Amino acid sequence: MPIPQRGPLPGTRGEYFRVVDPATGETFDEAPDQRPEELDAVVGRAHESWRGWRADPAARTGALLAAADAVEAAGADLAPLLTREQGKPLAESYAEVARTAARLRYFAELTAPEPQPIADGRPLRSEVRWRSLGPVAAIVPWNFPLQLASAKIAPALAAGNTVVLKPSPCTPLATRLLGTVMSAALPADVLTIVTGREPLGARLASHPGIRHVTFTGSVPIGRAVAEGAAASLARVTLELGGNDAAILLDDVNVERIADRLFWAAFRNCGQVCMAVKRVYAPARLYSRVVEALAQRAKAVVVGAGLDPGTRLGPVVNASQLAGVEHRTGRALADGARVAAGGHRLDRPGYFFAPTILAAVPAHSQVVTEEQFGPVLPVLPYRSLDEAVDAANGTCFGLGGSVWATDLDRAEAVADRLECGTVWINHHAELSLAQPFAGIKASGVGVAGGPWGLYGNLRPFVVHRPEEV
């Protein structure tokens, strides 16, 4: 499928913003810069299309399955474009396209909730039915733009809503193409992709015609999104990142788990909300853990995502690179030791050497905050209570993991972690059928599985007497 020609979207004034290749730091394309006032017409059309879309569940299923087939068929166009604007290795982009299509199929085939009678002892026939909400605003970040777009689009459309989706200005192109591919299988205005810089997202979140706002991104912007949605009392689902801890127990086989642990932290150059961001290792195994991770960090091939040998690409933009460098510098100033990496790479683009930090003070910013880059602090502990308290001791609560040989003991530790998901001997692996939610500052609401579908529906109760 050819990439669509550039041109003004309906209602735009023909303005554009630059899209930069993070492997070179150079502009390689442009995307339409839609203005906030243009959303009135977009949301209005989404509301009109909702009337027909919500009325025919069988047609929705067929359309979403056709859209999934179209996305899969367009992989050879979508994946390289995603790598070009986001930086991840091409194999990971193809995997993201496949995951996007799989999610569309999953929700297309998910059984809609049946009407449920209420037995309350009254001489009435009461029934709970489920209705869609209306136009949904989906605001998606740059780290997994297609996968996270489908995580919002698929349950919303399957429930009978329409969607207006805004991608990050860093990664608008593959998402625009995704919208073009999917829209060929959908009725007009059921799915609309809008691109632009702020305040476009703020206006979309606060638009009075939007009934549900679903956002993935940082805590500060998530708070702003919630405040904007509150103006019209729209429902919100917020996935706001994490600072996931991995706790290694004292019976762990370090060499056996080292590869899995490394990639749980460094996949997509560490730019994963539920990546391992901190490792807690028992004191007697600490030096072995640091060395095993450092060996892998030194050996991994870093380069442009389109190069076949690349395993780790650049971070997404200059601002992200500066943030990673700043947090690493602060850690070193706090007394941390570099076991591997610790610096920018001397080449064009936004590359930072995969970094393992040892002897990091617990108060250091790289421990207490989400670094969102290829930097991993490893901290020793002397008692398991100390490790659990440290893992729970931040404002985040997205995920965590426990690594051990004794699985029963690991599960007992997992039960003590304050987060939405805990993995044992792996990390950040989600099935389409499971709920995904965080606690504390990591979010509000639930995505994934039937819970994601119910989050896009509202209960509607009908009472009727047994006789006139």
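Me: At a relative accessibility of 2%, does Cys 269 count as buried or exposed?
Reply: A residue is called buried under 20% relative accessible area, exposed over 50% and partly exposed in between, with a 1.4 Å probe and protein chains only. The relative accessibility of Cys 269 is 2%, so this residue counts as buried.

Me: What pLDDT do local features need in this predicted model?
Reply: Residues are numbered from 1 along each chain as its sequence is written, and side-chain values use heavy atoms, with hydrogens and water left out. Because the model is predicted, side-chain atom pairs count only at pLDDT 80 or more and totals for chains, interfaces and linings use all residues, whereas local features need a pLDDT of at least 70.

Me: Where in the chain is Cys 269 placed, and what is its phi near?
Reply: Helices (H or I, at least four residues) and strands (E, at least two) are taken as DSSP runs and numbered from the N terminus. In these terms Cys 269 belongs to the loop between helix H9 (254–266) and S11. Its phi is positive although the residue is not a glycine, with a value near 60°.

Me: Where is the cis peptide bond from Glu 198 to Pro 199 found, and what is its omega near?
Reply: Pro 199 sits in the loop between strand S7 (191–193) and helix H7 (200–206). The peptide bond that leads from Glu 198 into Pro 199 is cis, with omega near 15°.

Me: What distance separates the C-alpha atoms of Asp 33 and Glu 198?
Reply: Asp 33 lies in the loop between strand S2 (26–32) and helix H1 (39–53), and its relative accessible area of 4% makes it buried. Apart from neighbours within four places in sequence, Asp 33 is in contact (heavy atoms within 4.5 Å) with Glu 15, Tyr 16, Phe 17, Thr 195, Gly 196 and Arg 197. Although Asp 33 and Glu 198 are 165 residues apart along the chain, their C-alpha atoms are separated by 9.6 Å.

Me: How are helices H2 and H4 oriented to each other?
Reply: Axes are lines fitted to C-alpha atoms, for helices over the stretch in contact, and angles between N-to-C directions run from 0 to 180 degrees. Helix H2 (residues 57–73) and helix H4 (residues 90–109) have axes 8 Å apart and pack at an angle of about 170°. Angles under 35 degrees count as roughly parallel, over 145 as roughly antiparallel, 65 to 115 as roughly perpendicular and the rest as oblique. H2 and H4 are therefore roughly antiparallel.

Me: Which strands stand at the edges of the open sheet of seven strands?
Reply: Two strands are taken to pair if DSSP finds at least two bridges between them, and with mixed pairing the order here is S12-S13-S14-S11-S10-S15-S16. The twist averages 25° from one strand to the next. Each edge strand has a single partner strand, so one side of each is left without a neighbour in the sheet, and these strands are S12 (337–340) and S16.

Me: Which residue of S16 is the bridge partner of Val 402?
Reply: Both faces of S15 are covered, with Gly 399, Ser 401 and Trp 403 on one side and Gly 400 and Val 402 on the other, all of them buried. Four bridges join strand S10 (residues 244–248) to S15 in parallel, and Ile 247 has Val 402 as its bridge partner in S15. Strand S15 (residues 399–403) also runs parallel to S16, joined to it by four bridges. In S16, Val 402 is partnered by Ile 424.

Me: Which residues form the uncovered face of strand S16?
Reply: Ser 401 stands opposite Trp 423 in S16, and Trp 423 lies with Thr 421 on the covered face of strand S16 (residues 421–424). The uncovered face is formed by Val 422 and Ile 424.
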